[in-house]
Amino acid sequence: MSDLLERLRGRGWRLTSQRRVVAEVLDGDHVHLTADEVHARAARRLPEISRATVYNALGELVALGEVAEVSTDGRAKRYDPNAHHPHQHLVCSGCGLIRDVRPDGDPLAVLPAAERFGFAVSAVEITYRGLCPACARPGPPAAPSNDVRAPG
Ligand SMILES: [Zn+2]
Ligand SMILES: [Zn+2]
């Protein structure tokens with residue numbers, strides 16, 4: 001688990017019942033939900049939670065640095081609770097499944113000085129693309145899904 005709730009408690013983030021539900025929905029490994037998905041899941045637990053509350057909470061979590069915004073498909077931003085563990089993403093071009101991955105070595109160090117154009121480079125985002133095992137298998141394609149699946 002990403003221990004998002006524990007980290008937020010440690011940061012003194014005011015945990016109202018609504019904010020707690022947002023944090024609970026986001027907690028976990030390989031979690032990359034759009035704001036609308038966070039809202040839909042939060043509303044299953046707390047039907048009165050508004051979209052604005054969810055968006056505000058997500059904005060605060062990103063500002064705190066406890067949740068990262070990722071855009072792996074060039075469309076909706078996704079929210080990733082593993083901001084405290086630098087990682088890259090492996091994305092299935094078939095069904096959209098996203099996995100957190102950690103390449104060997106420091107991906108920042110891979111860029112040679114001659115390719116930095118004088119930039120003080122501070123961050124890197126790498127997206128590896130391909131087909132997940134379910135989509136690579138012959139037969140009907142896997143149902144499009146960005147649902148979190150059990151690791152393994
Ligand atoms: Zn797939
Ligand atoms: Zn991630």
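This is a predicted model: local features need pLDDT of at least 70, side-chain atom pairs count only at pLDDT 80 or more; totals for chains, interfaces and linings use all residues.
Which loop does Phe-117 lie in? I started there and found Phe-117 in the loop between strand 5 and strand 6.

**Entry 1**

Is Phe-117 buried or exposed? I counted 7 other C-beta atoms within 10 Å, and 12 or fewer means exposed, so Phe-117 is exposed.

I then looked up His-30, which also has a positive phi without being glycine, here near 60°. His-30 is found in the loop between helix 2 and strand 1.

**Entry 2**

Next I went to the helices. I wanted two things for each pair, because packed helices are described by the angle between their axes and the distance between the axes.

Helix 1 covers residues 4-11, and it packs on helix 2 at an angle of about 140°. Their axes are 9 Å apart. I wrote this pair down as oblique, because an angle has to be over 145 degrees to count as roughly antiparallel. Which residues make the contact? From helix 1 I have Leu-4, Leu-5 and Leu-8, and from helix 2 Ala-23, Glu-24 and Leu-26. Sorted by type, this contact of helix 1 with helix 2 has five nonpolar residues, one charged and no polar ones.

**Entry 2: helix 2 on helix 4**

Helix 2 (residues 17-26) also meets helix 4 (residues 51-64). The two axes come within 10 Å and cross at roughly 65°. I therefore call helix 2 and helix 4 roughly perpendicular to each other. The crossing is right-handed. On the helix 2 side, the contact uses Gln-18, Arg-19 and Val-22. Helix 4 brings Thr-53, Val-54, Ala-57 and Leu-58. My tally for the contact of helix 2 with helix 4 is four nonpolar, two polar and one charged.

On to the strands. The general point I kept in mind is that strands of a sheet pair through backbone hydrogen bonds, either parallel or antiparallel.

One open sheet has three strands in the order 1-3-2, and its pairing is antiparallel. Which strands stand at the edges? They are strand 1 (33-34) and strand 2 (68-70). Each has a single partner strand, so one side of each has no neighbour in the sheet. I checked strand 1 against strand 3 (residues 78-80) and found two bridges, with the strands running antiparallel. Thr-34 has Arg-78 in strand 3 as its bridge partner.

How many bridges join strand 4 and strand 6? I get four, in the parallel sense, with strand 4 at residues 88-92. Looking across that pair, I see Val-91 opposite Arg-129 in strand 6.

Methods: Residues are numbered from 1 along each chain as its sequence is written. Chains are lettered from A and ligands numbered from 1 in the order in which they are written. Axes are lines fitted to C-alpha atoms, for helices over the stretch in contact, and angles run from 0 to 180 degrees between N-to-C directions. Angles under 35 degrees count as roughly parallel, over 145 as roughly antiparallel, 65 to 115 as roughly perpendicular and the rest as oblique. A crossing is left-handed if the near helix is turned anticlockwise from the far one by less than a right angle, and right-handed if clockwise. Two residues are in contact if their C-beta atoms, placed from the backbone, lie within 7 Å. Ala, Val, Leu, Ile, Met, Phe, Trp, Tyr, Cys and Pro count as nonpolar, Asp, Glu, Lys and Arg as charged, and the others, Gly among them, as polar. Two strands pair if DSSP finds at least two bridges between them. A residue is buried if 20 or more other C-beta atoms lie within 10 Å of its own, exposed if 12 or fewer, and partly exposed in between; C-beta atoms are placed from the backbone.
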